[in-house]
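Dear colleague,

Please find below the structure that I am handing over to you.

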Amino acid sequence: MSRVRLLLGTRKGAFILTADGARRDWAVAGPFFPGWEIFHLKGSPVDPDRIYASQSSSWFGQVIQRSDDGGRSWNVVGNQFSYDGVPGTHQWYDGTPHPWEFKRVWHIEPSLASPDTLYAGVEDAALFQSSDGGQTWQELSGLRKHGTGPAWQPGAGGMCLHSVLLDPSNSQRMFIAISAAGAFRTDDGGESWLPINRGLHSAYIPNPTAEVGHCVHHLAMHPSRPSTLFMQKHWDVMRSDDAGNSWHEISGNLPTDFGFVIDVHAHEPETLYVVPIKSDAEHFPIDGQLRVYRSRSGGNDWEPLTNGLPQSNCYVNVLRDAMAVDSLDSCGVYFGTTGGQVYASADAGDSWSPLVHDLPAVLSVEVQTLP
Amino acid sequence: MTATILVELPSSLCALVGVDREVLVSLSGSPTQRSLLDALEADFPMLRGMIRDYASKKRRPFVRFFACEQDLSHCSPDQLLPKPVAEGREVFMVVGAIAGG
């Protein structure tokens with residue numbers, strides 16, 4: 001019988017939740033790395049017991065942890081993230097040039113082909129690659145140096161590279177997104193990069209249709225359709241059917257199109273999930289009602305999912321990496337909140353229940369479907 | 001000249017290193033902040049980048065060095081450590097700066 005393993009990164013440590021395929025009874029392990037911010041954990045699709053974790057602290061900086069036994073034990077691997085060459089400057093909040101400075105790893109994306117190869121999206125925005133299980137890291141500097149880098153600027157949360165999507169049909173193609181620069185694509189394994197922001201409209205930047213400067217919050221893709229991308233932008237939910245060459249809005253009847261997470265059903269490439277958040281100034285659900293919205297038509301037509309979710313006095317946020325889906329026959333959907341709750345649905349969103357109530361603020365949620 | 005220096009680490013770094021509170025660090029040559037931290041990082045490579053910046057070797061902004069009831073954080077890294085520290089009679093403390101809130 002299949003099992004699922006939920007990897008949770010929180011403000012004060014990591015937690016691992018496990019259940020059998022029924023997903024009714026959950027065992028909670030942790031906190032791992034207590035007291036540290038765990039921005040992200042992710043397992044290798046090639047070897048699910050190989051898990052990487054990004055552990056960081058404003059005091060002591062970045063640690064990368066690696067487990068080779070499904071999270072039971074961990075070892076520190078390499079934490080030297082040195083930009084390639086003279087890093088130059090990007091825009092600071094006040095519009096002045098600011099030197100590129102490494103701060104932390106936001107997102108880890110293990111390769112689809114090797115458990116020893118992985119990518120790290122970092123703040124200040126750059127993409128690093130390791131080919132030795134995280135021991136050493138090399139910047140894929142073609143992204144930062146492709147030309148628009150000096151015009152990038154941080155969002156309120158920092159200038160982070162937070163989304164990394166690997167194309168399962170083309171090992172040379174990947175997509176990344178940066179707040180607040182936008183989305184980018186490489187077709188040559190990371191050597192060269194192209195901004196892919198045509199069709200985005202962002203009223204909060206001087207030129208709303210600029211080539212870069214858009215605050216993309218998250219990207220999602222169904223592995224069976226790697227040229228179709230979904231985006232939760234600062235405002236607006238967007239879709240591209242040509243690998244990011246052009247985007248169109250699919251916010252449709254959402255009550256607000258601000259939010260952070262977006263994800264795709266494991267077996268239905270046109271079924272999407274978002275969690276609408278009231279606004280950029282009020283990072284909580286409208287009217288204190290926590291609602292996941294699902295579209296079964298690839299966007300525009302959205303239905304609220306409320307069964308089991310708090311429908312009064314709920315003022316939490318759901319951060320950009322804090323939603324995931326499992327690949328069991330009945331797709332499981334999971335998300336974590338800044339209030340420390342993790343909600344799960346074993347029926348594709350029709351009904352929800354909390355798995356844990358009182359964790360530290362949840363930064364990231366990943367799920368592994370295990371044999 | 002060889003010195004054996006007692007270094008107290010903050011709890012977050014103790015967990016990384018796998019010690020309770022203190023480590024003994026042996027170093028040869030003049031006992032300075034730089035030579036002590038070089039030796040500490042050689043003994044515990046997982047501390048590289050945690051106390052000092054990898055490239056510049058500057059102290060991280062929220063890390064402090066205390067010893068003999070003095071704040072040594074702003075001393076030159078090449079200044080000799082206080083004699084009681086160099087002789088192993090006083091501890092060299094690596095401290096995470098107090099956070100407000």
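What covers the buried residues of H2(B)? The cover includes strand E1 (2-8), strand E2 (22-28), E3 and strand E5 (92-96) of chain B. Please keep in mind throughout that this is a predicted model.

**Chain B**

The residues of H2(B) that are buried are Gln33(B), Ser35(B), Leu36(B), Leu37(B) and Leu40(B).

The pairing of E1(B) with E2(B) is antiparallel and extends over seven bridges. Within that pairing, Ile5(B) has Val25(B) in E2(B) as its bridge partner.

Taken as a whole, chain B has three helices and five strands, which follow one another along the sequence in the pattern β-α-β-α-β-β-α-β. Its C-alpha atoms fill a box of roughly 40 × 30 × 25 Å along the principal axes. A compact globule of 101 residues would have a radius of gyration near 13 Å, and the 13 Å of chain B therefore agrees with that expectation. Buried residues account for 27% of the 101 residues in chain B. Of the contacts in chain B with a separation of 6 or more, 56% are between residues 24 or more positions apart.

One backbone detail in chain B deserves mention. Lys57(B) has a phi near 65°, a positive value in a residue other than glycine. Lys57(B) is placed in the loop between helix H2 (33-43) and strand E3 (63-67) of chain B.

In soluble globular proteins, nonpolar side chains tend to be buried together. The largest nonpolar core here has 108 residues, and those with the most contacts inside it are Leu8(A), Leu219(A), Tyr334(A) and Val365(A). E15(A) gives the most to this core, with five residues. Setting aside residues up to four places away in sequence, Val365(A) touches Leu6(A), Leu8(A), Ala322(A), Met323(A), Ala324(A), Tyr334(A), Phe335(A), Gly336(A) and Val342(A). There is also a second, separate core of 23 residues, which includes Leu37(B), Ile51(B), Val85(B) and Val94(B). Leu37(B) is also one of the buried residues of H2(B).

**Strands and local features of chain A**

Strand E14 (residues 160-166) of chain A has six of its seven residues buried, so it is largely enclosed by the rest of the structure. E14(A) runs antiparallel to strand E15 (residues 174-179) of chain A, to which six bridges join it. In this pair, Leu166(A) has Met174(A) in E15(A) as its bridge partner.

Two cis peptide bonds may be of interest to you. One joins Ser179(A) and Ala180(A), with omega about 0°; Ala180(A) lies in the loop between E15 and strand E16 (182-186) of chain A. Another joins Gly30(A) and Pro31(A), with omega about 5°, and Pro31(A) belongs to strand E3 (residues 27-32) of chain A.

Asp287(A) has a positive phi, near 55°, although the residue is not glycine. Asp287(A) sits in the loop between strand E23 (272-276) and strand E24 (292-295) of chain A. With 12 other C-beta atoms within 10 Å, Asp287(A) is exposed.

Pro255(A) is located in the loop between strand E21 (248-249) and strand E22 (259-264) of chain A. Pro255(A) counts as partly exposed, having 15 C-beta neighbours inside 10 Å. Apart from its neighbours within four places in sequence, Pro255(A) is in contact with Pro276(A) and Ile286(A).

**The contact between the chains**

The contact takes 13 residues from chain A and 13 residues from chain B. On the side of chain A that touches chain B, the largest share, three residues, comes from strand E6 (residues 61-67) of chain A. By class, this side of chain A has five nonpolar, eight polar and no charged residues.

With kind regards

Conventions:
Residues numbered from 1 in each chain as written. Chains lettered and ligands numbered in written order. Predicted model: local features only at pLDDT ≥ 70, side-chain atom pairs only at ≥ 80, totals over all residues. Contact = placed C-beta atoms within 7 Å. Helix = DSSP H or I, 4+ residues; strand = E, 2+ residues; numbered from the N terminus. Nonpolar A, V, L, I, M, F, W, Y, C, P; charged D, E, K, R; others polar. Buried ≥ 20, exposed ≤ 12 C-beta atoms within 10 Å, placed from the backbone. Pairing = 2+ DSSP bridges. Core = buried A, V, L, I, M, F, W, Y, C linked by C-beta atoms within 7 Å. Rg over C-alpha atoms; globule rule 2.2 N^0.38 Å.
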